[in-house]
Amino acid sequence: MGYATKIKKINEKELIKIPLEELKIKKTLPFDVYIRDSGIDKKIFNKGTILSNSFIEVLKEKGISHVYVEKSDLDTYKSRALPESVLDSPVAFKNYSFWKEKFYQIDRNLLIPGIEVDFPIYHLKDFNFKKIVEASSEKPSMIYGDTIPEEGDILIEKKDLPLFREYIEFLSKRVEEKELIIKESAKVLIAEVLNEPRSGEKIKKVGKVVNNIIETILDKPDSIYELLHLKGYDYYTYTHSVNVGVLSVGLGIQIGLDRDTIYKLGIGAILHDLGKSQIPNEILNKQGRLNETEYNIIKQHVLFGYEILKEKKEVPKESLLAVLQHHEKLSGRGYPYGLKGEEIKLFGRITAIADCYDALTTRRPYKPPLTPYFALSIIVKEKGDHDTELLKAFIKMLGKIK
C-alpha cells in the first residue's frame with residue numbers, strides 16, 4: 001500500500017497518516033484507526049472492526065479524507081498473518097456460546113486481595129474458559145494480588161449467584177466505592193429476573209435498584225461513569241440492561257424530568273429487554289447476521305416483555321412504553337408497530353437512544369465495540385430515526401463522562 005510517510009504522535013505512539021480509501025470495505029481492520037478532530041486525536045475504529053460503506057460515508061460527510069494508524073501495529077500486520085480464531089469454526093463458536101450461558105460475568109474490581117470467596121472463579125479470554133480459583137462454602141479460597149488476570153472476562157457459575165450476592169452484601173460494609181456495589185447488585189438482580197421473568201418478587205426489587213441509581217447520579221453526576229459497565233467485556237443481556245437503565249436515567253435527569261417520572265423511566269429502561277428471556281439462545285448468540293426468520297423471531301422480544309410486565313402491579317403502566325417502543329424509530333422504520341413521529345412517546349425515544357448507543361459500544365464475540373465517538377456519529381447520521389433534541393442532550397451528558 002502507498003502509505004504516506006508523515007508521522008504524528010498520540011500518547012507517545014507514532015501514528016502514520018493514510019488515505020481513507022486505503023481502508024478496505026467489508027474487511028477486518030488489523031489495527032486501531034484514529035482521526036484528528038478539532039486538533040484532538042480520537043480513536044474511531046477498534047482493531048477487528050469490519051468496515052461498511054455506511055461507516056466510510058459518515059467520515060466523508062465530516063470532511064475526513066485521511067486517517068491515522070499506529071506504526072507498530074502496521075509493521076506487525078505487514079510481518080505476520082493474523083492468528084486463526086474460534087470465529088472461523090461454527091462448531092467451536094456454538095460450543096463457546098453454549099458454555100457462556102452457564103456463567104455470569106462479574107466485575108474484577110470486586111475481587112479484593114486479602115478477602116476470601118466461597119465460590120469458584122473462571123477466566124474467559126480468546127473464547128477459552130479456565131477455572132482460576134477453586135473454592136466452595138466448605139473450603140473458601142483467598143484472593144491474592146496476582147489471582148485475577150487483568151484482561152478477559154471474570155466469571156462465576158450461574159448456580160453460584162446466591163453466594164455472590166452474599167459476597168456483595170459483605171463487601172458493601174467494607175468498600176467505599178458505592179457505585180461499584182450498586183452496579184453489581186443491579187446486574188445480579190437483572191440476571192435473576194431474566195432467569196425467572198415471571199417472578200413478581202424479583203421484579204418488585206427492581207424499584208429499589210432504580211432508586212439507588214437515581215439517587216447516586218443526583219448526588220454525584222459524574223458517578224454515571226462508574227455505574228456504566230466497562231466496555232472491554234463481552235456482551236451480556238443483564239449488563240446491557242443495567243447500562244441502558246443508567247443511560248436513560250442520566251438522560252432523564254439531563255433534560256430536567258421530575259423524580260417520579262425518572263423513576264418510571266428507569267423501571268422501563270432497565271427491564272426493556274426482559275422479553276429476550278423467551279428467545280432461543282442459539283438466535284441471541286448467533287455469530288454474524290440473522291436470517292429473515294431469525295430476525296422476525298428476535299423482534300418478538302419486545303412484545304414478549306410487554307406481555308409479561310403488563311400484568312405486574314409492581315411495574316408502572318407508563319414504564320411499559322420504554323419496553324414496547326425502544327425499537328421504534330421516528331421515521332417509521334422500527335418495530336414492532338412501525339410507529340412514526342409523535343406516536344412514539346418520550347420513554348420510548350429516550351430508551352431507543354440509550355439502547356442503540358450501548359449496543360454499538362459493547363463488544364461482541366464476532367466484532368469489537370465501536371468507539372463512543374463513532375457510535376454517536378452513526379446515531380446522529382440516522383437523523384430521521386431519533387429525537388434531535390434528546391440526542392443533543394445525550395451527547396452533552398456523555399461529554400461529562402470521563
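This is a predicted model: local features need pLDDT of at least 70, side-chain atom pairs count only at pLDDT 80 or more; totals for chains, interfaces and linings use all residues.
Residues are numbered from 1 along each chain as its sequence is written, and side-chain values use heavy atoms, with hydrogens and water left out.

The secondary structure comes to 16 helices and 11 strands; these are DSSP runs numbered from the N terminus, helices being H or I with at least four residues and strands E with at least two. As for contacts, meaning heavy atoms within 4.5 Å, take those between residues at least 6 apart in sequence: 69% of them join residues at least 24 apart.

Now to helix H9, residues 259–270. The buried ones are Ile 262, Tyr 263, Lys 264, Leu 265, Gly 266, Ile 267, Gly 268, Ala 269 and Ile 270. What do they pack against? Helices H5 (178–195), H6 (200–219), H8 (237–254), H13 (320–325) and H14 (346–360).

At the N-terminal end, Asp 258 caps H9, with a side-chain oxygen 3.2 Å from the backbone nitrogen of Asp 260. That's a polar contact in the sense of a pair of N or O atoms within 3.5 Å; within protein, one must be able to donate a hydrogen and the other to accept it, and residues adjacent in sequence count only if both atoms are side-chain atoms.

H5 is one of the partners of H9, so let's follow that one. Its 18 residues should span 26 Å at 1.5 Å a residue, and the end C-alpha atoms agree, at 26 Å apart. Here 15 of the 18 residues are buried, so H5 too is largely enclosed by the rest of the structure.

H5 also packs with helix H4, residues 161–172, at an angle of about 160 degrees, with the axes 10 Å apart. Axes here are lines fitted to C-alpha atoms, for helices over the stretch in contact, and angles run from 0 to 180 degrees between N-to-C directions. That makes H4 roughly antiparallel to H5, given that angles over 145 degrees count as roughly antiparallel, under 35 as roughly parallel, 65 to 115 as roughly perpendicular and the rest as oblique. On the H4 side, the contact includes Leu 161, Phe 164 and Ile 168; on the H5 side, residues including Ile 181, Glu 184 and Val 188.

Phe 164 sits in H4, and it's buried, with a relative accessible area of 0%. Leaving aside neighbours within four places in sequence, Phe 164 is in contact with Tyr 104, Ile 106, Leu 110, Phe 119, Ile 156, Glu 184 and Val 188. Ile 106 is 58 residues away along the chain, yet the two C-alpha atoms are separated by 9.2 Å.

Last stop, a loop. Asp 32 lies between strand E2 (13–19) and strand E3 (33–37). Buried or exposed? At 15% relative accessibility, Asp 32 counts as buried. A polar atom of the Asp 32 side chain lies 2.7 Å from the backbone nitrogen of Lys 47.

Methods. Buried means under 20% relative accessible area, exposed over 50%, partly exposed in between (1.4 Å probe, protein chains only). The expected span of a helix is 1.5 Å times one less than its number of residues.
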